[in-house]
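Reader: Let us go through this structure term by term. I will ask what stands behind each label.

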Amino acid sequence: MKNPYLIRMEQPEDCVMISDKEGIYYRMFQNPVTGRLKNELDCMQFHEPSIKMVGYHEHTYGTETFFISQGKFLCNCMGRGFTMDPGDILHIQPWMGHSFIPIEPESRLNIMFMDIDQQYALTQPRKRLQENFPGVFEDPQFQNSFRKANGGVGLRTVPVQVNYPKEQVQQLRPSGYALREHEYKGIKMHLKIAKYETEGIKEVWEHFMQPGFYCEWDAFLPEYRVFYVTGGKLKCWVRTSASEKLEFTAEKENIVTIPPYTPFGFEVAQEAQMYDMDCGARLQDLCEELETATAAADGKIPEKDALLKLCKAHDFNITAIGNK
């Protein structure tokens, strides 16, 4: 029986949709959720370099976050050329032109959409038209109306490829880079995407965690959470009834999805690396406040009750956190 809270990205049976055509192995991991169309998660894997590419284009609304997990891409964002390697993240906001050219075999883009209904507004209508009404989708006049109806402004001419160092590309977050970094016992936290880049909806963090670190949300909260594990192992639990818990292990290339009003938690079993892809809390604000409170107490972190109260004030609704 499939675990509804775990997506093993390499297992076809865990995917919503799969296709392998025209040089691209495409997988859809998760449908968009909530009224804001958050977190549709897809993967485009290009079998051979330069056979297929994502042409230079932009959107009038919504954001896209690209996680490179394999291979290498030659990219362009707002006229600046650069390469992306495993561990790099590119966060695209409206009106930012961008393109991707794979330059190694089996290069892989994992994509998180927000406010862009890629699957049901774009991909499925295109397939239905191409299969049943030959020539309609390819008609330039139809293409123009289709793009406008779905927040696209059409393909643009790729800018001259003038390559820039990664640190000079504003939307690129190279492996190891953080907008802000915080470290506590058992965990180092990198802010990768801030609330001001997602219309205030969420933050995206990368966590580096040591064995024994744990975190619990043992309450019924109206929150949707998505965690992408990129290394190590986590022992996870989800409360499925008043008397039962589902326990499972999440490891590299797994996605853990938690729907609203579902108590859950995890403990690090092996040194782990993980993206919190849907952090609705003001976690950066919380870390700033926590550092201020710690400094005022001569380096002592607030006691449990005070810490949880501070967390709740910033919408980080944990019920337990610490190290075993």
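Author: Start with Arg156 and Glu58, which form a salt bridge with their closest N and O atoms 2.7 Å apart. The model is predicted, so local features need pLDDT of at least 70, side-chain atom pairs count only at pLDDT 80 or more, and totals for chains, interfaces and linings use all residues. Residues are numbered from 1 along each chain as its sequence is written, and side-chain values use heavy atoms, with hydrogens and water left out.

Reader: Why is the pair Arg156 and Glu58 called a salt bridge?

Author: The term asks for a side-chain nitrogen of Lys or Arg within 4 Å of a carboxyl oxygen of Asp or Glu. Arg156 and Glu58 have their closest N and O atoms 2.7 Å apart, so the pair meets the definition.

Reader: What makes this pair a tie between parts of the chain?

Author: Arg156 lies in the loop between α2 (140-149) and β12 (172-173), and Glu58 in the loop between β5 (54-57) and β6 (63-70), so parts 98 residues apart in sequence are tied together. Helices (H or I, at least four residues) and strands (E, at least two) are DSSP runs, numbered from the N terminus.

Reader: What makes Glu253 buried?

Author: Its relative accessibility is 12%. The limit is under 20%, so Glu253 counts as buried. Arg108 is buried too.

Reader: Why is the link between Asp85 and Lys72 called a polar contact?

Author: A polar contact is a pair of N or O atoms within 3.5 Å; within protein, one must be able to donate a hydrogen and the other to accept it, and residues adjacent in sequence count only if both atoms are side-chain atoms. The side chains of Asp85 and Lys72 make theirs at 2.3 Å, so the distance is within the limit. Asp85 lies in the loop between β8 (80-84) and β9 (89-92).

Reader: What makes a set of residues a nonpolar core?

Author: The members are buried Ala, Val, Leu, Ile, Met, Phe, Trp, Tyr and Cys residues, joined through side-chain atoms within 4.5 Å. The largest such core has 39 residues, and those with the most contacts inside it include Met209, Trp217 and Phe266. Strand β20 (residues 264-279) gives the largest share, 6 residues. Apart from this core lies another, of 24 residues, among them Tyr26, Met28, Ile68 and Ile111.

Reader: How do you know that the chain agrees with a compact globule?

Author: The radius of gyration is taken over C-alpha atoms, and the globule rule is 2.2 Å times the number of residues to the power 0.38. For 324 residues the rule gives a value near 20 Å; the chain has 21 Å, so the two agree. Of these residues, 51% count as buried.

Reader: What makes the phi of Asn39 worth a remark?

Author: Most residues other than glycine have a negative phi. Asn39 has a positive value, near 60°. Asn39 is found in strand β4 (residues 38-46), and at 0% relative accessibility counts as buried.

Key: Buried < 20%, exposed > 50% of the residue type's maximum accessible area, 1.4 Å probe, protein only.
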